[in-house]
Amino acid sequence: MADQNGGNIFSNRNMEKGRDVARNGHLGSLSSRQMDSLSAICDTFLPSIDANSLHQENMDDSVIKFLHTSASMNGTPQHVAWMISDRLQHPKLNLCKIALWLLSTRIGTFIICGKASLSSQFPYFQNFSRVSPNKREEIVQSWSCSNFKLIKLLSVALKVLTLLVFFTQGSPRGRRWYGTRRDGIGRLKWDRMGNRRGY
């Protein structure tokens, strides 16, 4: 995937820069309200998981830490915001920013998410970031099979960016971790930065 300068946005150099930007809290051209929406979406794709709820015995501490780490806990939303604002180049990129803005409003959230976003208490309408995690998951799943192509495109794009950023985050030692959280079982593997060792 190319950036605005024609380079690979997932090169080691760009990813290192993105991590520095994320640590500094850079939001690029996104407003704080758009960031609230983006953070909620990222945490919906990669929520924090309570290892005790999985009823797995003798789990390694690194696995427990991995499961507990949500997307927002390691700066993934800030990194994705940097990519959207400064690195990515796509003709529909502005539509993504508009969608994030709509999700920061009550009426916009209802338009994009439907009745699943409604609260049982007055004023009933709520921002996407205020919707309960279970309801947000239901909403995001509906996006992936939506007949409205722009909604499906938004879902796929944000999911890909969130997962790629999260799973290519490096530790302070310059190592990268890879993991999977399917079927309630977590695995964690460390490897030197740039050494592509898959499962």
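The protein has eight helices and two strands, where helices (H or I, at least four residues) and strands (E, at least two) are DSSP runs numbered from the N terminus. This is a predicted model, in which local features need pLDDT of at least 70 and side-chain atom pairs count only at pLDDT 80 or more, while totals for chains, interfaces and linings use all residues. Residues are numbered from 1 along each chain as its sequence is written, and side-chain values use heavy atoms, with hydrogens and water left out.

**Overall layout**

- Read from the N terminus on, the elements follow the order α-α-α-α-α-α-α-α-β-β.
- Of the 199 residues of the protein, 42% count as buried, a word that stands for under 20% relative accessible area, with exposed meaning over 50% and partly exposed in between (1.4 Å probe, protein chains only).
- Among contacts between residues at least 6 apart in sequence, 56% join residues at least 24 apart, and contact here means heavy atoms within 4.5 Å.

**Helix α8 itself**

- The 19 residues of α8 should span 27 Å at 1.5 Å a residue, and the end C-alpha atoms of α8 are 27 Å apart, which agrees; the expected span is 1.5 Å times one less than the number of residues.
- Buried residues of α8 include Leu158, Leu161, Thr162, Val165 and Phe166, and these five residues also take part in the contact with α4.

**Packing of α4 against α8**

- Helix α4 (residues 76-87) packs on helix α8 (residues 149-167) at an angle of about 120°, with their axes 9 Å apart; axes are lines fitted to C-alpha atoms, for helices over the stretch in contact, and angles run from 0 to 180 degrees between N-to-C directions.
- That angle makes α4 oblique to α8, since angles under 35 degrees count as roughly parallel, over 145 as roughly antiparallel, 65 to 115 as roughly perpendicular and the rest as oblique.
- From α4, the residues Thr76, His79, Val80, Met83 and Ile84 meet Leu158, Leu161, Thr162, Val165 and Phe166 of α8.
- The residues of this contact of α4 with α8 divide into seven nonpolar, three polar and no charged, where Ala, Val, Leu, Ile, Met, Phe, Trp, Tyr, Cys and Pro count as nonpolar, Asp, Glu, Lys and Arg as charged, and the others, Gly among them, as polar.

**Packing of α2 against α8**

- Helices α2 and α8 pack at an angle of about 75°, with their axes 10 Å apart, and that makes α2 roughly perpendicular to α8.
- On the α2 side, Leu38, Ile41, Cys42 and Phe45 meet Ser155, Leu158, Lys159 and Thr162 of α8, and the residues of this contact divide into five nonpolar, two polar and one charged.

**Loop between α2 and α3**

- Ser48 is found in the loop between α2 (32-45) and α3 (61-68), and at 38% relative accessibility Ser48 counts as partly exposed.
- Although Ser48 and Ser70 are 22 residues apart along the chain, their C-alpha atoms are separated by 4.4 Å.
- Leaving aside neighbours within four places in sequence, Ser48 is in contact with Leu67, His68 and Ser70.

**Loop between α6 and α7**

- Pro123 lies in the loop between α6 (106-113) and α7 (133-144), and the peptide bond from Phe122 to Pro123 is cis, with omega near 10°.
- Tyr124 has its place in the loop between α6 and α7, and the phi of Tyr124 is near 75°, a positive value in a residue other than glycine.
- At 42% relative accessibility, Tyr124 counts as partly exposed.
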